[in-house]
Amino acid sequence: MSKVASIARLRDGGTTWALGALAGDHAALAHLGGLLLQRWTPGDRLVVLGNMLGAAGNTPRLIDLMLLLRRRLLARPGAEVEDFVFLRGAQEEMWHKVLQLQFALSPLDVLDWMLSRGLSAVIEAYGYSIAEGRIACRNGPLAIARWTTGLRERQTQQPGHGDLLNALSRAALSADGRVVFAANGVDPGRPFAKQADAFWWNTQTDAQLDAALAKAEEGGWPPIVRVVRGAGPARNAAQDTGRILTVARDRPAAVALDADGAMIERLEA
């Protein structure tokens, strides 16, 4: 899988399936993937809304299942490579950061912060030692580099894992640009072209984000009919009919969307 543009553009036609916040739950993916295989029709597309990695199951097994699902759907008539978009979420961002930990100004603080937010389960799932990583942080950049090299090698031993995780888009847009897909939302306080990490670090509820979007559009933000995000904050009161659609509520889920971002069907694990 090659490098992709930072913001993917979906082609027109067919149903867009959005899969949200798996958090390492390989059993949930096995279930949802089976349902997708039953419902997939020519011209459909799949957007995986970040946070594939996580503590809810076995991350390496989940990535294997994701690659298998992609291969099976690509084998369907009419399917194209660009119909499968994988987005960066907070978990994937932390994974990339830990592989470059030797460049952090306060590596132990950074590592502990990421471990407390779910990264520990991902590292352990790849069979690597967190304790050795914390010791390396106390022994300087060279020791950390040896530890991160070993962690990267564990990932490399899993065919396709590195390729997938190195080819993540920041966000995706529908063919007409009116529907935005992101791991956690957008920041209407920034120009759309300068969202950076706002796509995966977002604590606004659906109602707060909707209100912020309305205000931003008055100031020249592009008109957006729907923001489809993988997950929202724990306090979020999600609705299916608003401009903000949070796909995963208390469990991983997939939704089928039409060209205007309206939900056709919801599938839950």
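Predicted model: local features only at pLDDT ≥ 70, side-chain atom pairs only at ≥ 80, totals over all residues.
Visitor: Let's start with His96. Why is His96 counted as buried?
Guide: Its relative accessibility comes out at 14%, and the cut-off for buried is under 20%, so His96 falls on the buried side. His96 sits in helix α3, residues 90-98. Leaving aside residues up to four places away in sequence, His96 touches Arg88, Leu165, Asn166 and Leu168.

Visitor: What makes α3 and α4 roughly perpendicular to each other?
Guide: The two helices pack at an angle of about 100 degrees. Anything from 65 to 115 degrees counts as roughly perpendicular, therefore that is the label for α3 and α4. Their axes are 10 Å apart. On the α3 side, the contact uses Gln91, Met94, Trp95, Lys97 and Val98; among their partners in α4 are Trp113, Met114 and Arg117. The contact residues split into nine nonpolar, two polar and two charged.

Visitor: Which residues of α5 meet α4?
Guide: Ile130, Gly133, Arg134, Cys137 and Arg138 do. Facing them from α4 are residues including Leu108, Leu111, Asp112 and Glu124. By class, the contact of α4 with α5 has seven nonpolar, two polar and four charged residues.

Visitor: On to the strands. How do you know that β9 is largely enclosed by the rest of the structure?
Guide: Count its residues: five of the five, 253-257, are buried, so the strand is largely enclosed. Ala253, Val255 and Leu257 point one way, Ala254 and Ala256 the other, and all are buried. In a regular strand the side chains alternate between the two faces of the sheet.

Visitor: What makes β2 and β10 partners of β9?
Guide: Pairing takes at least two bridges. Strand β2 (residues 16-20) has five bridges to β9, in the antiparallel sense, and β10 (residues 263-268) is joined to β9 by five, also antiparallel. Ala253 shows both sides: Gly20 stands opposite Ala253, while in β10 its bridge partner is Glu268. β9 and β10 form a hairpin with five residues between them, and Gly261 in the turn has a positive phi of about 80 degrees.

Visitor: Why are β4 and β10 said to stand at the edges?
Guide: The open sheet has five strands in the order β4-β3-β2-β9-β10, with mixed pairing. β4 and β10 each have a single partner strand, so one side of each is left without a neighbour in the sheet. From one strand to the next, the twist averages 15 degrees.

Visitor: How many bridges join β6 to β7?
Guide: Four, with the strands running parallel; Val179 has Arg226 as its bridge partner. Within β7, Arg226 and Val228 point one way, Val227 and Arg229 the other, and all are buried.

Definitions and conventions:
Residues numbered from 1 in each chain as written. Heavy atoms only, no water. Buried < 20%, exposed > 50% of the residue type's maximum accessible area, 1.4 Å probe, protein only. Contact = heavy atoms within 4.5 Å. Nonpolar A, V, L, I, M, F, W, Y, C, P; charged D, E, K, R; others polar. Axes fitted to C-alpha atoms, helices over the stretch in contact; angles between N-to-C directions. Parallel < 35°, antiparallel > 145°, perpendicular 65-115°, else oblique.
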